[in-house]
Amino acid sequence: MRMSVLGLGEAGTLYAAGLVARGWNVVGYDPADNATPAGVQRADTPEAAVRDADVVLSLVGGRAAVEAAESVARFLPPAAVYVDMNAAAPEVKRTIADTVGESRFADVAVIGSVPAHGAATPVIISGHASARAATTFEQLGARVDDIGGAPGAASGRKLLRSTFMKGLGALIVESVLAGRAAGAEDWVREQMARELSGGDAAVNRLHDGTLKHAARRAGEADAAAALLDSLGVLPVMTRATAEVHRGRADAALAPAEDLWPEFEGLAVANIGDARDRMGMLDGGIHALWKGARVVGRARTVWVPHGDNLALHRAIACSRPGDVLVVNGGGDTSRALLGELMAERAKRRGVRGIVADGVLRDVSELEKIGFPAWARGACPAGPYKNGPGQVDVPVAVGGVVVRPGDVVVGDDDGVIVIPAAEAAASLLGGRAVEADEAQRRAAILAGTA
(Lines give C-alpha, C1' and ligand atoms only; values in the text may rest on other atoms or scores of the structure.)
Protein backbone atom coordinates (compact mmCIF):
# COMPACT_ATOMS: atom_id res chain seq x y z
CA MET A 1 0.00 0.00 0.00
CA ARG A 2 1.27 3.49 -0.85
CA MET A 3 0.86 6.03 1.95
CA SER A 4 1.45 9.77 1.95
CA VAL A 5 2.18 11.81 5.09
CA LEU A 6 1.82 15.58 4.89
CA GLY A 7 3.75 17.18 7.75
CA LEU A 8 6.82 15.55 9.29
CA GLY A 9 6.76 17.11 12.72
CA GLU A 10 6.63 14.98 15.87
CA ALA A 11 3.24 13.37 15.16
CA GLY A 12 3.87 13.00 11.42
CA THR A 13 7.20 11.30 12.08
CA LEU A 14 5.67 8.82 14.53
CA TYR A 15 2.84 7.93 12.17
CA ALA A 16 5.25 7.62 9.24
CA ALA A 17 7.36 5.24 11.32
CA GLY A 18 4.30 3.14 12.11
CA LEU A 19 3.38 2.93 8.44
CA VAL A 20 6.91 1.92 7.49
CA ALA A 21 6.85 -0.78 10.17
CA ARG A 22 3.80 -2.26 8.45
CA GLY A 23 5.89 -2.64 5.31
CA TRP A 24 3.99 0.01 3.39
CA ASN A 25 5.54 2.39 0.85
CA VAL A 26 5.57 5.78 2.61
CA VAL A 27 6.16 9.19 1.00
CA GLY A 28 6.48 12.26 3.20
CA TYR A 29 6.28 15.98 2.47
CA ASP A 30 7.03 18.98 4.63
CA PRO A 31 8.22 22.39 3.41
CA ALA A 32 9.96 22.90 6.77
CA ASP A 33 13.47 21.61 7.33
CA ASN A 34 12.38 18.63 9.43
CA ALA A 35 14.36 15.40 9.38
CA THR A 36 13.07 12.65 7.10
CA PRO A 37 12.06 9.55 9.11
CA ALA A 38 13.92 6.33 8.37
CA GLY A 39 12.35 4.37 5.55
CA VAL A 40 10.35 7.35 4.24
CA GLN A 41 10.82 8.74 0.75
CA ARG A 42 10.91 12.55 0.86
CA ALA A 43 8.88 14.36 -1.80
CA ASP A 44 9.86 17.80 -3.08
CA THR A 45 6.32 19.00 -3.89
CA PRO A 46 2.77 18.34 -2.67
CA GLU A 47 1.95 16.87 -6.09
CA ALA A 48 4.78 14.35 -5.85
CA ALA A 49 3.81 13.48 -2.29
CA VAL A 50 0.30 12.28 -3.16
CA ARG A 51 0.96 10.79 -6.59
CA ASP A 52 -0.41 7.21 -6.69
CA ALA A 53 -1.27 7.35 -2.96
CA ASP A 54 -3.91 5.03 -1.52
CA VAL A 55 -4.19 7.00 1.71
CA VAL A 56 -3.04 10.55 2.53
CA LEU A 57 -2.55 11.51 6.17
CA SER A 58 -2.51 15.26 6.90
CA LEU A 59 -0.62 16.12 10.11
CA VAL A 60 0.35 19.73 9.41
CA GLY A 61 -1.38 21.42 12.37
CA GLY A 62 -4.80 23.05 12.48
CA ARG A 63 -3.72 26.43 11.13
CA ALA A 64 -2.25 24.94 7.96
CA ALA A 65 -4.85 22.19 7.46
CA VAL A 66 -6.97 23.96 4.83
CA GLU A 67 -3.92 25.21 2.92
CA ALA A 68 -2.44 21.70 2.88
CA ALA A 69 -5.67 20.26 1.47
CA GLU A 70 -5.81 22.94 -1.20
CA SER A 71 -2.22 22.22 -2.23
CA VAL A 72 -2.94 18.55 -3.06
CA ALA A 73 -6.67 18.43 -3.90
CA ARG A 74 -6.31 18.44 -7.68
CA PHE A 75 -3.50 15.87 -7.61
CA LEU A 76 -5.23 13.19 -5.52
CA PRO A 77 -5.77 9.84 -7.29
CA PRO A 78 -9.47 9.05 -7.85
CA ALA A 79 -9.54 6.23 -5.28
CA ALA A 80 -7.37 7.92 -2.62
CA VAL A 81 -8.66 8.53 0.92
CA TYR A 82 -7.77 11.90 2.42
CA VAL A 83 -7.42 11.64 6.19
CA ASP A 84 -7.26 14.93 8.08
CA MET A 85 -5.79 14.32 11.56
CA ASN A 86 -5.28 17.94 12.59
CA ALA A 87 -6.94 19.35 15.68
CA ALA A 88 -9.40 21.90 14.31
CA ALA A 89 -12.99 23.08 14.66
CA PRO A 90 -15.72 21.05 12.93
CA GLU A 91 -16.35 23.83 10.41
CA VAL A 92 -12.69 23.65 9.33
CA LYS A 93 -13.09 19.93 8.70
CA ARG A 94 -16.16 20.59 6.58
CA THR A 95 -14.18 23.10 4.53
CA ILE A 96 -11.44 20.54 3.95
CA ALA A 97 -13.99 17.90 2.96
CA ASP A 98 -15.43 20.28 0.37
CA THR A 99 -11.90 20.96 -0.90
CA VAL A 100 -10.84 17.36 -1.43
CA GLY A 101 -14.30 15.86 -2.03
CA GLU A 102 -16.58 14.48 0.68
CA SER A 103 -16.63 10.95 -0.74
CA ARG A 104 -12.89 10.54 -0.10
CA PHE A 105 -12.66 12.48 3.19
CA ALA A 106 -12.19 11.10 6.70
CA ASP A 107 -12.05 13.26 9.82
CA VAL A 108 -9.75 11.51 12.31
CA ALA A 109 -9.49 12.78 15.89
CA VAL A 110 -6.55 11.41 17.84
CA ILE A 111 -7.58 10.59 21.41
CA GLY A 112 -4.47 10.19 23.53
CA SER A 113 -0.75 10.83 23.52
CA VAL A 114 0.95 10.13 20.18
CA PRO A 115 4.45 10.31 21.75
CA ALA A 116 3.33 7.62 24.21
CA HIS A 117 1.46 5.31 21.81
CA GLY A 118 2.77 6.18 18.36
CA ALA A 119 0.67 5.09 15.40
CA ALA A 120 -1.41 2.87 17.72
CA THR A 121 -2.94 5.88 19.52
CA PRO A 122 -6.76 5.52 19.76
CA VAL A 123 -8.78 7.50 17.22
CA ILE A 124 -12.35 8.58 16.50
CA ILE A 125 -13.31 8.71 12.81
CA SER A 126 -16.16 10.37 10.94
CA GLY A 127 -16.86 11.41 7.36
CA HIS A 128 -17.94 9.55 4.22
CA ALA A 129 -14.67 7.60 3.97
CA SER A 130 -14.56 6.69 7.66
CA ALA A 131 -14.82 2.94 7.09
CA ARG A 132 -11.90 2.89 4.66
CA ALA A 133 -9.80 5.01 7.00
CA ALA A 134 -10.74 2.81 9.96
CA THR A 135 -9.17 -0.19 8.25
CA THR A 136 -5.83 1.62 8.01
CA PHE A 137 -5.75 2.57 11.69
CA GLU A 138 -6.87 -0.85 12.84
CA GLN A 139 -3.96 -2.34 10.93
CA LEU A 140 -1.68 0.10 12.79
CA GLY A 141 -2.95 -1.38 16.06
CA ALA A 142 -5.08 1.58 17.12
CA ARG A 143 -8.39 1.31 18.93
CA VAL A 144 -10.86 2.79 16.45
CA ASP A 145 -14.24 4.35 17.16
CA ASP A 146 -15.87 4.78 13.74
CA ILE A 147 -18.88 7.02 14.45
CA GLY A 148 -19.65 7.71 10.79
CA GLY A 149 -21.64 10.89 10.33
CA ALA A 150 -20.53 14.12 8.75
CA PRO A 151 -17.05 15.64 8.50
CA GLY A 152 -16.31 17.39 11.78
CA ALA A 153 -18.23 14.98 14.01
CA ALA A 154 -15.06 13.26 15.21
CA SER A 155 -13.31 16.58 15.82
CA GLY A 156 -16.32 17.74 17.81
CA ARG A 157 -15.93 14.72 20.10
CA LYS A 158 -12.23 15.50 20.56
CA LEU A 159 -13.03 19.09 21.54
CA LEU A 160 -15.56 17.85 24.10
CA ARG A 161 -12.82 15.70 25.60
CA SER A 162 -10.46 18.66 25.56
CA THR A 163 -12.68 20.59 27.96
CA PHE A 164 -11.64 18.00 30.54
CA MET A 165 -8.15 17.01 29.46
CA LYS A 166 -6.80 20.48 28.70
CA GLY A 167 -8.48 21.93 31.77
CA LEU A 168 -7.10 19.12 33.93
CA GLY A 169 -3.64 19.64 32.49
CA ALA A 170 -3.76 23.37 33.17
CA LEU A 171 -4.98 22.77 36.72
CA ILE A 172 -2.20 20.25 37.35
CA VAL A 173 0.41 22.75 36.14
CA GLU A 174 -0.98 25.45 38.41
CA SER A 175 -1.13 23.10 41.41
CA VAL A 176 2.43 21.87 40.90
CA LEU A 177 3.68 25.46 40.66
CA ALA A 178 1.89 26.25 43.90
CA GLY A 179 3.30 23.17 45.59
CA ARG A 180 6.79 24.08 44.46
CA ALA A 181 6.42 27.64 45.70
CA ALA A 182 5.22 26.32 49.08
CA GLY A 183 8.01 23.72 49.31
CA ALA A 184 5.52 20.85 49.06
CA GLU A 185 5.63 19.83 45.39
CA ASP A 186 6.11 16.10 46.03
CA TRP A 187 3.19 16.03 48.43
CA VAL A 188 0.93 17.85 45.95
CA ARG A 189 1.91 15.42 43.18
CA GLU A 190 1.16 12.47 45.47
CA GLN A 191 -2.29 13.86 46.26
CA MET A 192 -3.13 14.30 42.58
CA ALA A 193 -1.89 10.84 41.61
CA ARG A 194 -3.96 9.24 44.35
CA GLU A 195 -7.16 11.03 43.30
CA LEU A 196 -6.70 10.35 39.58
CA SER A 197 -6.44 6.58 39.99
CA GLY A 198 -10.01 5.88 41.00
CA GLY A 199 -11.68 5.44 37.61
CA ASP A 200 -15.44 5.97 37.31
CA ALA A 201 -15.90 6.03 41.08
CA ALA A 202 -13.53 8.98 41.40
CA VAL A 203 -15.21 10.85 38.53
CA ASN A 204 -18.66 10.37 40.07
CA ARG A 205 -17.45 11.35 43.52
CA LEU A 206 -15.85 14.56 42.26
CA HIS A 207 -18.84 15.43 40.05
CA ASP A 208 -21.56 14.73 42.60
CA GLY A 209 -19.60 16.26 45.46
CA THR A 210 -19.12 19.47 43.49
CA LEU A 211 -22.86 19.83 42.97
CA LYS A 212 -23.73 18.91 46.56
CA HIS A 213 -21.17 21.10 48.31
CA ALA A 214 -20.76 23.89 45.76
CA ALA A 215 -21.24 26.81 48.16
CA ARG A 216 -18.73 25.55 50.73
CA ARG A 217 -16.20 24.56 48.09
CA ALA A 218 -16.48 27.97 46.40
CA GLY A 219 -15.23 29.55 49.62
CA GLU A 220 -12.45 27.01 49.86
CA ALA A 221 -11.40 27.67 46.26
CA ASP A 222 -11.39 31.43 46.96
CA ALA A 223 -9.09 30.82 49.92
CA ALA A 224 -6.87 28.62 47.76
CA ALA A 225 -6.67 31.38 45.14
CA ALA A 226 -5.60 33.84 47.84
CA LEU A 227 -2.89 31.41 48.98
CA LEU A 228 -1.52 31.00 45.46
CA ASP A 229 -1.52 34.76 45.04
CA SER A 230 0.52 35.12 48.23
CA LEU A 231 2.98 32.52 46.91
CA GLY A 232 3.49 34.46 43.68
CA VAL A 233 1.58 31.94 41.53
CA LEU A 234 -1.14 33.44 39.30
CA PRO A 235 -4.29 31.48 40.28
CA VAL A 236 -6.03 31.43 36.89
CA MET A 237 -7.49 27.93 37.11
CA THR A 238 -8.18 28.18 40.84
CA ARG A 239 -10.20 31.36 40.41
CA ALA A 240 -12.09 29.74 37.55
CA THR A 241 -12.75 26.76 39.82
CA ALA A 242 -14.21 29.07 42.45
CA GLU A 243 -16.39 30.67 39.78
CA VAL A 244 -17.74 27.29 38.64
CA HIS A 245 -18.60 26.36 42.21
CA ARG A 246 -20.30 29.71 42.83
CA GLY A 247 -22.32 29.23 39.67
CA ARG A 248 -23.48 25.77 40.75
CA ALA A 249 -24.40 27.02 44.21
CA ASP A 250 -26.29 29.96 42.73
CA ALA A 251 -28.16 27.77 40.22
CA ALA A 252 -29.47 25.63 43.08
CA LEU A 253 -31.34 28.67 44.46
CA ALA A 254 -33.63 28.95 41.43
CA PRO A 255 -33.15 25.98 39.11
CA ALA A 256 -33.82 26.78 35.45
CA GLU A 257 -32.25 25.70 32.19
CA ASP A 258 -31.76 29.35 31.19
CA LEU A 259 -32.49 31.85 33.97
CA TRP A 260 -32.40 35.17 32.14
CA PRO A 261 -36.08 35.13 31.01
CA GLU A 262 -37.09 35.18 34.69
CA PHE A 263 -35.84 38.79 34.93
CA GLU A 264 -38.62 40.00 32.60
CA GLY A 265 -40.62 42.72 34.35
CA LEU A 266 -38.06 43.41 37.09
CA ALA A 267 -36.90 47.02 37.23
CA VAL A 268 -33.20 47.73 36.83
CA ALA A 269 -33.33 49.89 39.95
CA ASN A 270 -34.76 47.04 42.06
CA ILE A 271 -32.13 44.59 40.84
CA GLY A 272 -29.46 47.19 41.53
CA ASP A 273 -30.74 47.73 45.09
CA ALA A 274 -30.59 43.97 45.67
CA ARG A 275 -27.00 43.93 44.41
CA ASP A 276 -25.87 46.89 46.55
CA ARG A 277 -25.84 49.08 43.38
CA MET A 278 -23.07 46.96 41.87
CA GLY A 279 -23.04 46.22 38.14
CA MET A 280 -24.98 49.30 37.03
CA LEU A 281 -23.57 51.06 33.97
CA ASP A 282 -22.89 54.75 34.30
CA GLY A 283 -25.72 57.12 33.40
CA GLY A 284 -24.02 58.26 30.22
CA ILE A 285 -25.18 55.04 28.60
CA HIS A 286 -28.92 55.57 28.25
CA ALA A 287 -31.90 54.24 26.31
CA LEU A 288 -32.07 55.80 22.85
CA TRP A 289 -35.85 55.56 22.74
CA LYS A 290 -38.41 55.78 25.52
CA GLY A 291 -39.92 52.54 26.74
CA ALA A 292 -37.02 50.39 25.55
CA ARG A 293 -36.50 47.29 27.67
CA VAL A 294 -34.26 44.30 27.28
CA VAL A 295 -33.43 41.11 29.15
CA GLY A 296 -30.93 38.60 27.80
CA ARG A 297 -27.46 37.11 27.97
CA ALA A 298 -24.38 39.13 27.02
CA ARG A 299 -22.69 38.55 23.66
CA THR A 300 -19.62 40.70 24.22
CA VAL A 301 -17.70 42.63 21.57
CA TRP A 302 -14.55 44.76 21.77
CA VAL A 303 -13.94 47.12 18.86
CA PRO A 304 -11.47 49.92 18.05
CA HIS A 305 -12.87 53.43 18.14
CA GLY A 306 -15.41 53.91 15.35
CA ASP A 307 -14.93 50.43 13.81
CA ASN A 308 -17.61 47.71 13.77
CA LEU A 309 -16.02 44.79 11.89
CA ALA A 310 -16.05 42.60 15.01
CA LEU A 311 -19.67 43.56 15.68
CA HIS A 312 -20.62 42.05 12.32
CA ARG A 313 -18.89 38.83 13.40
CA ALA A 314 -20.73 38.86 16.71
CA ILE A 315 -24.10 39.17 15.00
CA ALA A 316 -23.26 36.30 12.66
CA CYS A 317 -22.60 33.95 15.59
CA SER A 318 -25.36 35.21 17.90
CA ARG A 319 -28.23 33.06 19.09
CA PRO A 320 -31.73 33.83 20.35
CA GLY A 321 -31.63 35.58 23.71
CA ASP A 322 -28.33 37.39 23.17
CA VAL A 323 -27.80 41.07 23.89
CA LEU A 324 -24.89 42.70 22.09
CA VAL A 325 -22.63 44.41 24.64
CA VAL A 326 -20.00 46.50 22.89
CA ASN A 327 -16.91 48.19 24.26
CA GLY A 328 -16.43 50.99 21.75
CA GLY A 329 -14.11 52.93 24.04
CA GLY A 330 -16.74 55.63 24.57
CA ASP A 331 -16.02 57.04 21.10
CA THR A 332 -18.78 59.34 19.84
CA SER A 333 -17.44 60.16 16.37
CA ARG A 334 -18.90 57.21 14.43
CA ALA A 335 -21.97 55.04 14.92
CA LEU A 336 -21.31 51.34 15.51
CA LEU A 337 -24.76 50.08 14.42
CA GLY A 338 -27.73 51.29 12.45
CA GLU A 339 -31.04 50.03 11.10
CA LEU A 340 -29.73 47.38 8.68
CA MET A 341 -27.43 45.72 11.19
CA ALA A 342 -30.21 45.84 13.77
CA GLU A 343 -32.58 44.08 11.36
CA ARG A 344 -29.98 41.40 10.74
CA ALA A 345 -29.38 40.97 14.46
CA LYS A 346 -33.09 40.80 15.22
CA ARG A 347 -33.59 38.05 12.65
CA ARG A 348 -31.03 35.97 14.56
CA GLY A 349 -32.94 36.47 17.80
CA VAL A 350 -30.73 39.20 19.26
CA ARG A 351 -32.81 41.13 21.80
CA GLY A 352 -30.98 44.46 21.78
CA ILE A 353 -27.65 46.28 22.08
CA VAL A 354 -25.73 48.11 24.80
CA ALA A 355 -22.81 50.11 23.42
CA ASP A 356 -20.13 52.24 25.04
CA GLY A 357 -20.19 54.42 21.95
CA VAL A 358 -22.88 55.80 19.66
CA LEU A 359 -25.47 54.37 17.25
CA ARG A 360 -27.61 55.81 14.45
CA ASP A 361 -31.06 55.44 12.79
CA VAL A 362 -32.61 55.83 16.22
CA SER A 363 -36.18 56.36 14.98
CA GLU A 364 -35.91 53.23 12.84
CA LEU A 365 -34.57 51.23 15.77
CA GLU A 366 -37.69 52.24 17.70
CA LYS A 367 -39.98 51.35 14.78
CA ILE A 368 -38.57 47.84 14.43
CA GLY A 369 -38.56 47.39 18.22
CA PHE A 370 -34.81 46.94 18.66
CA PRO A 371 -33.91 48.16 22.18
CA ALA A 372 -30.71 50.18 22.25
CA TRP A 373 -28.57 51.86 24.91
CA ALA A 374 -25.57 54.01 24.04
CA ARG A 375 -23.85 57.32 24.80
CA GLY A 376 -25.89 58.97 22.06
CA ALA A 377 -26.47 59.07 18.33
CA CYS A 378 -24.26 60.07 15.42
CA PRO A 379 -25.06 59.95 11.68
CA ALA A 380 -21.48 59.12 10.63
CA GLY A 381 -20.97 55.47 9.68
CA PRO A 382 -18.17 53.29 11.06
CA TYR A 383 -14.94 51.91 9.66
CA LYS A 384 -14.67 48.20 8.95
CA ASN A 385 -10.93 47.62 9.21
CA GLY A 386 -10.74 45.78 12.51
CA PRO A 387 -9.26 44.33 14.54
CA GLY A 388 -11.67 43.47 17.31
CA GLN A 389 -12.69 40.57 19.52
CA VAL A 390 -15.89 38.67 20.24
CA ASP A 391 -16.82 36.74 23.41
CA VAL A 392 -14.12 38.23 25.64
CA PRO A 393 -14.52 40.19 28.88
CA VAL A 394 -15.20 43.86 28.07
CA ALA A 395 -15.51 47.09 30.03
CA VAL A 396 -18.71 49.00 29.27
CA GLY A 397 -19.92 51.99 31.22
CA GLY A 398 -17.47 51.28 34.04
CA VAL A 399 -18.57 47.65 34.44
CA VAL A 400 -16.75 44.47 33.41
CA VAL A 401 -19.06 42.25 31.35
CA ARG A 402 -18.32 38.63 30.54
CA PRO A 403 -19.93 36.46 27.88
CA GLY A 404 -23.14 34.93 29.21
CA ASP A 405 -23.74 37.50 31.97
CA VAL A 406 -27.36 38.58 32.39
CA VAL A 407 -28.16 42.02 30.94
CA VAL A 408 -31.25 43.97 31.96
CA GLY A 409 -32.06 47.42 30.56
CA ASP A 410 -34.95 49.85 30.91
CA ASP A 411 -35.59 53.60 30.87
CA ASP A 412 -33.39 54.07 33.94
CA GLY A 413 -30.33 52.39 32.42
CA VAL A 414 -28.59 49.02 32.32
CA ILE A 415 -27.40 46.53 34.92
CA VAL A 416 -25.16 43.53 34.27
CA ILE A 417 -25.38 40.48 36.53
CA PRO A 418 -22.56 37.92 36.59
CA ALA A 419 -23.86 34.55 35.39
CA ALA A 420 -22.72 32.90 38.63
CA GLU A 421 -24.90 35.31 40.66
CA ALA A 422 -28.03 35.33 38.51
CA ALA A 423 -30.34 33.30 40.76
CA ALA A 424 -29.44 35.15 43.95
CA SER A 425 -29.89 38.49 42.14
CA LEU A 426 -33.25 37.39 40.76
CA LEU A 427 -34.55 36.44 44.19
CA GLY A 428 -33.11 39.61 45.68
CA GLY A 429 -34.70 41.79 43.01
CA ARG A 430 -38.07 40.17 43.56
CA ALA A 431 -37.74 40.74 47.33
CA VAL A 432 -36.97 44.44 46.78
CA GLU A 433 -39.94 44.72 44.41
CA ALA A 434 -42.27 43.12 46.96
CA ASP A 435 -40.96 45.34 49.76
CA GLU A 436 -41.44 48.49 47.68
CA ALA A 437 -44.98 47.45 46.77
CA GLN A 438 -45.79 46.95 50.46
CA ARG A 439 -44.31 50.33 51.45
CA ARG A 440 -46.12 52.09 48.61
CA ALA A 441 -49.40 50.59 49.73
CA ALA A 442 -48.73 51.83 53.26
CA ILE A 443 -47.95 55.34 51.97
CA LEU A 444 -51.16 55.45 49.93
CA ALA A 445 -53.11 54.16 52.91
CA GLY A 446 -51.63 56.87 55.11
CA THR A 447 -50.13 54.34 57.53
CA ALA A 448 -46.49 55.13 56.73
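1. The sheet. Eight strands form an open sheet with mixed pairing, in the order β3-β2-β1-β4-β5-β6-β7-β8. Strands here are DSSP E runs of at least two residues, helices are H or I runs of at least four, and both are numbered from the N terminus; two strands pair if DSSP finds at least two bridges between them. At the edges stand β3 (41-42) and β8 (144-146), each with a single partner strand, so one side of each has no neighbour in the sheet. Please keep in mind that this is a predicted model, where local features need pLDDT of at least 70, side-chain atom pairs count only at pLDDT 80 or more, and totals for chains, interfaces and linings use all residues. Residues are numbered from 1 along each chain as its sequence is written, and side-chain values use heavy atoms, with hydrogens and water left out.

2. A strand pair to look at. Strands β6 (residues 105-110) and β7 (residues 123-126) run antiparallel and are joined by four bridges. Within this pair, V110 stands opposite V123 of β7. As background, strands of a sheet pair through backbone hydrogen bonds, either parallel or antiparallel.

3. Helices on the sheet. Helix α7 (residues 153-181) packs on the sheet and touches β6, β7 and β8, its direction making about 15 degrees with that of β6. Helix α4 (residues 90-100) lies across β5 (81-84) and β6, and runs at about 145 degrees to β6. A contact means heavy atoms within 4.5 Å. Axes are lines fitted to C-alpha atoms, for helices over the stretch in contact, and angles run from 0 to 180 degrees between N-to-C directions.

4. α3 with α4. Helix α3 (residues 65-72) packs against α4 at an angle of about 5 degrees, with the axes 9 Å apart. The two are therefore roughly parallel (angles under 35 degrees count as roughly parallel, over 145 as roughly antiparallel, 65 to 115 as roughly perpendicular and the rest as oblique). From α3, A65, V66, A69 and E70 meet V92, T95, I96, T99 and V100 of α4. By class, this contact has six nonpolar, two polar and one charged residues (Ala, Val, Leu, Ile, Met, Phe, Trp, Tyr, Cys and Pro are nonpolar, Asp, Glu, Lys and Arg charged, and the others, Gly among them, polar).

5. α13 with α14. The axes of helix α13 (residues 309-316) and helix α14 (residues 339-347) come within 9 Å and cross at roughly 25 degrees, so α13 and α14 are roughly parallel to each other. Here L311, H312 and I315 of α13 meet M341, R344 and A345 of α14.

6. The buried side of α6. In helix α6 (residues 130-139), the residues S130, A133, A134, T136 and F137 are buried (buried is under 20% relative accessible area, exposed over 50%, partly exposed in between, with a 1.4 Å probe and protein chains only). Those residues lie on the same side of α6, because they cover an arc of only 160 degrees around the axis, taken from the directions from the helix axis to the C-beta atoms. After α6 comes G141, with a positive phi near 90 degrees.

7. Backbone spots worth a look. R277, in the loop between α12 and β9 (286-287), is not a glycine, yet its phi is positive, near 65 degrees. R277 is exposed, at 53% relative accessible area. A cis peptide bond joins G386 and P387, with omega about -5 degrees.
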